[in-house]
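Hello,

Here is the structure I promised to pass on to you. Have a look at it first, and then read on for my notes on what turned up.

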Amino acid sequence: MAEASEDSDFLQRSIGKLRGGVMQLSAFLPAFRPGAGSGDEQEGIELETFAHSFTSRKSGSPDPEGFPVRPAPLKAKPRTSEDEKFDASAVSSQVSNSSLPPRAPVTPERKPQIPAVNVAHEGLTVAPSEPSSESLTSCGADSGEVAEGVEITEEFDENDNIVPDATETGGKSIDSEFLEAIADLVHDDDRPAVDVCELERDFLARLINRRLGEDADLVGMLPVKVGSNDIFDACASGVLSCKLINSFVVEAVDERALNLPSDAAGLRMSDMRENHRLGLNSLRTLCRISDLDDAKLARGEADQILKLLWQIVRVGLLQDVDVRRTRELRILQNDDEDIFHMLQLTPETLLLRWINFCIEQSGLDGSIAPIQNFGEHLKDCKAYLAIQHRVSPEICDMDAFREPNVKKRVSMVMENCENMGLECMHTEGDILSGMESLGKVLMAQLFWHGHGLDFSDEEELETDPDNFEGEDEGSREERTSRMWMNSLGCDMHCMNLFSEDFRSGWMLLQVLDAIEPGCVDWKRAFKPPFKAVVRRIKSVENCNQVLAISRDVLNASLVGIGGDDIADGKRKPILALVWQLMRIHTMRVLRSGAGGAPTLSEADLLGWANQLLQLQGSRYSISSFKDPELGTGKPLLDLLKAIEPNAVNEKHIHPGVTPLQRELNAKYVISVARKLGAAIFVVWEDIAEVKPKILEVLLTSLMVLERQRRRLQRVGGGQSLASRHSISR
């Protein structure tokens, strides 16, 4: 056996030669799976990717795309002669990865210690152990042998940095960075510690089990154990969250594009991130989302998973609390409001109005204070009982309302839900907790069961048919533009291009500032809401500045459009303005990725697409954005295969002859593009019907995607199809 000083030298050399150390560790770590490519070259790329990820995590930057941070369990690799150098048979025992405890907070009274590192034959595991006066047993640095009873103890300083414990190692320091690298590899629950609300977590677990328990693709993931953190591991693959979206909104996510685990192996990190990208980009078409990251979701970080699941639940349960879907909600319109004000109200605001309206109609407004939130104001259960009586008077009588004991009222609320046939997943503790999220869900379920609103007097509120959203080609264009604007991260959320809020011009100024930072003179801008007397004057002033910036700074062509046209909510001028802004923004994003190319014409886009199709070996060539072949979706799918060969599954491609086949192919194009990370705001009808303007923006988004992936592959050491053949731009 070598001396202890050799151990320290060995560990220090390992930090300097991390790639070599990982190459040795990979013999018994199942974390490295060959991706695209094969042989030693690909393995070397993956090992270099890990080495880069280790240094990136030290500096706080995210891991590269393909690094398998939390790999699914795989069978051990066959051992080779090189592996024998690291035979761990002398180690006392093997322990499960789950035994690694989280770091405790550092306090003056107690400093945590890093658990002992034990190496076992089938993998690397970390287990806690008691500190010993003989903590470090020397091992052969050159041979790589691990002696029996190896135990390395570390402490943390006041800044939570690992420092060697010289007293317990006989004065011989151990390089702590190498130990942290090992801990990163083997820690099966490498997530930041967050405060998790157990009531919310357990409610979501029950909801998922109820809605998705019979799904064949989720065998092994469900049922989620209620009362545990298993929900975070179950959601890490991205399959469950996409399925949950579809359980609320049919076909919101095209499940053909999902990466599903096989029997032989789990999903790679890149596969899980693609699933989350698909879910997030699909969810963006339904609502505004922010602060969600596909890499963090794939690692199963608790705060990210909870935020995603609650966003899905909100969309699913509140989608009908909207004037466009439930026109009876117009009864709740106040005398000083018009239809455009109703269109911009959030579902939560409308739901609170509905609750108070039902209480007033039940004659209980004197007994119940006005409900202003879904938390404290609902926990006494009186509002629940009043709503249940309003919705189902034959089942829920008023005797329950007069019950003085709040716990008995909770039991009556739950009994009423069962008698009404309502799928209630709340417990008594959920209702009594006064939590906003849980109270909102129950009220939304009661609204969905039956809102009790009707036009008994057959009164119809006046609407302007030129402004109210209809189901036609113009409404699809409006939805595409709205989704694009909401993706820019503006403070305001656009729910309708013709609402009073939008016509004020304030959101358009925010959009312009996002496209060209600093272009807006905010001192000349007026922030809504406005008093009725000056509303139109200030709105026209804002819109005039919008048009001036669009013409003078962005070079938009806006002939015959004035600020009063936007302020008055005229449909065609608004759509023309927003469409040009979207195209300008998309082209700018593309030019920024091309090193600031001055122009990018339609011919440039078509040339790029046709070169890539030719390299792919496709039989298609796109003559123009009016090419009828685009309606089949097949040229676009071939283009996606050229960008990422493994993204498209041939069995999901149809001939594109019948309308149904064209629809399926168009939906698959959108889903695959979203899975790869493209910002797609089109609907499948625009592809199937060959809408030139939409298809131009779609191809531009795919060009942005291809260049982004090509740059990432260069950083990671790989090569894309375009870079291998030196495609010209």
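This is a predicted model: local features need pLDDT of at least 70, side-chain atom pairs count only at pLDDT 80 or more; totals for chains, interfaces and linings use all residues.

E706 and R710 sit together in helix 27, 4 residues apart, which is about one turn of the helix. The two form a salt bridge, with their closest N and O atoms 3.3 Å apart.

The side chain of E696 meets that of R583 in a salt bridge, 2.2 Å from N to O. E696 is buried, because its relative accessible area of 12% falls under the 20% cut-off. R583, with a relative accessible area of 31%, is partly exposed.

Next comes a pair that involves helix 20. The side chains of D568 and R536 meet in a salt bridge at 3.0 Å, N to O. D568 lies in the loop between helix 21 (563-567) and helix 22 (571-593), while R536 is in helix 20, so the contact ties together parts 32 residues apart in sequence. D568 is partly exposed, at 29% relative accessibility, and R536 is partly exposed too, with a relative accessible area of 45%. In total, the count of salt bridges comes to 27.

Helix 20 (residues 535-552) is also where you will find N542. This residue is buried, with a relative accessible area of 0%. Which residues does N542 touch, leaving aside those up to four places away in sequence? They are S504, G505, W506, L509, R524, A525, F526 and F530. As for F526, its C-alpha atom is 6.6 Å from that of N542, and the two residues are 16 apart along the chain.

Finally, some figures for the protein chain. It has 28 helices and 5 strands. Of its 729 residues, 52% count as buried. Among contacts between residues at least 6 apart in sequence, 64% join residues at least 24 apart. The accessible surface comes to about 34000 Å², and 48% of that belongs to carbon and sulfur atoms.

Best wishes

Key: Residues are numbered from 1 along each chain as its sequence is written. Side-chain values use heavy atoms; hydrogens and water are left out. Helices (H or I, at least four residues) and strands (E, at least two) are DSSP runs, numbered from the N terminus. Buried means under 20% relative accessible area, exposed over 50%, partly exposed in between (1.4 Å probe, protein chains only). Contact means heavy atoms within 4.5 Å. Accessible areas come from the Shrake-Rupley method with a 1.4 Å probe; for residues, only the protein chains shown count as cover. A salt bridge is a side-chain nitrogen of Lys or Arg within 4 Å of a carboxyl oxygen of Asp or Glu.
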